[in-house]
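Let's take a walk through a protein model together.

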Amino acid sequence: MQTITVEQLKERLDKGEKLQLLDVREPHEHMEFNIGGKLYPVGQIQTMQIEPLEDWKEDEIIIYCRSGNRSGMACMVLDQLGFKNTKNLVGGMLDWQKKFGSDS
């Protein structure tokens with residue numbers, strides 16, 4: 001598992017890069033604020049229900065949650081299941097909102 005900061009991610013998004021973003025929070029958290037990632041709660045990853053993510057196995061996947069803890073767990077599980085390039089968003093949505101607000 002590698003890491004990426006919110007500043008690095010925002011810079012890449014602002015450049016228009018097409019990124020695989022994975023939001024491992026719960027649906028109510030995703031509805032409150034998100035940056036466009038695919039919602040897939042960490043519990044489904046922990047129980048190895050990863051079929052919907054199989055197409056991303058070779059891709060860079062930037063995984064985020066509220067603070068970076070659940071996304072770190074998701075990265076570790078996916079790495080063990082053969083995903084090649086997972087990145088944990090350090091500080092998660094809390095850090096994103098602190099630095100860029102809720103409109104970014």
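Which backbone oxygen does the side chain of R25 reach? It is the one of F33, at 2.5 Å. Keep in mind that you're looking at a predicted model.

You'll find R25 in the loop between β2 and α2 (27-32). Is R25 buried or exposed? Its relative accessible area is 4%, and buried means under 20%, so R25 counts as buried. Besides reaching F33, its side chain makes a polar contact with the side chain of D23. Here are the two distances side by side:

| From | To | Distance |
|---|---|---|
| R25 side chain | D23 side chain | 2.8 Å |
| R25 side chain | F33 backbone oxygen | 2.5 Å |

Leaving out residues up to four places away in sequence, R25 also touches quite a list of others, including H30, N34, L39, Y64, R70 and M93.

**The sheet**

Now zoom out. Five strands form an open sheet in the order β1-β5-β4-β2-β3, and the pairing is parallel. At the edges sit β1 and β3 (38-39), each pairing on one side only. Between β2 and β3 there are two bridges, in the parallel sense, and L22 stands opposite K38 of β3.

α1 lies across β1, β2, β4 and β5, and runs at about 70° to β1. α4 packs on the sheet too, where it touches β2, β4 and β5; its direction makes about 170° with that of β5.

**One face of α1**

Within α1 (residues 6-14), the buried residues are V6, L9, K10 and R12. Why do they line one face of the helix? Seen down the axis of α1, they fall within an arc of 160°, so they end up along one face. These buried residues pack against β1, β2, β4, β5 and α5 (92-100). After α1 comes G16, with a positive phi near 85°.

In soluble globular proteins, nonpolar side chains tend to be buried together. Here, the largest nonpolar core has 16 residues, and L22, V24, I45, L53, I63 and L78 have the most contacts inside it. α3 (42-46), β4 (60-64) and α4 (69-80) each supply at least two of its residues, and α4 gives the largest share, four residues. Take L78: setting aside neighbours within four places in sequence, it is in contact with L22, I45, I50, L53, I63, F83 and T86. There's also a second, separate core of 12 residues, with L19, L21, M93 and W96 among them.

How values were computed
Residues numbered from 1 in each chain as written. Predicted model: local features only at pLDDT ≥ 70, side-chain atom pairs only at ≥ 80, totals over all residues. Heavy atoms only, no water. Core = buried A, V, L, I, M, F, W, Y, C linked by side-chain atoms within 4.5 Å. Buried < 20%, exposed > 50% of the residue type's maximum accessible area, 1.4 Å probe, protein only. Contact = heavy atoms within 4.5 Å. Arc of directions from axis to C-beta. Pairing = 2+ DSSP bridges. Axes fitted to C-alpha atoms, helices over the stretch in contact; angles between N-to-C directions. Polar contact = N/O pair within 3.5 Å; in protein donor to acceptor, adjacent residues only side chain to side chain.
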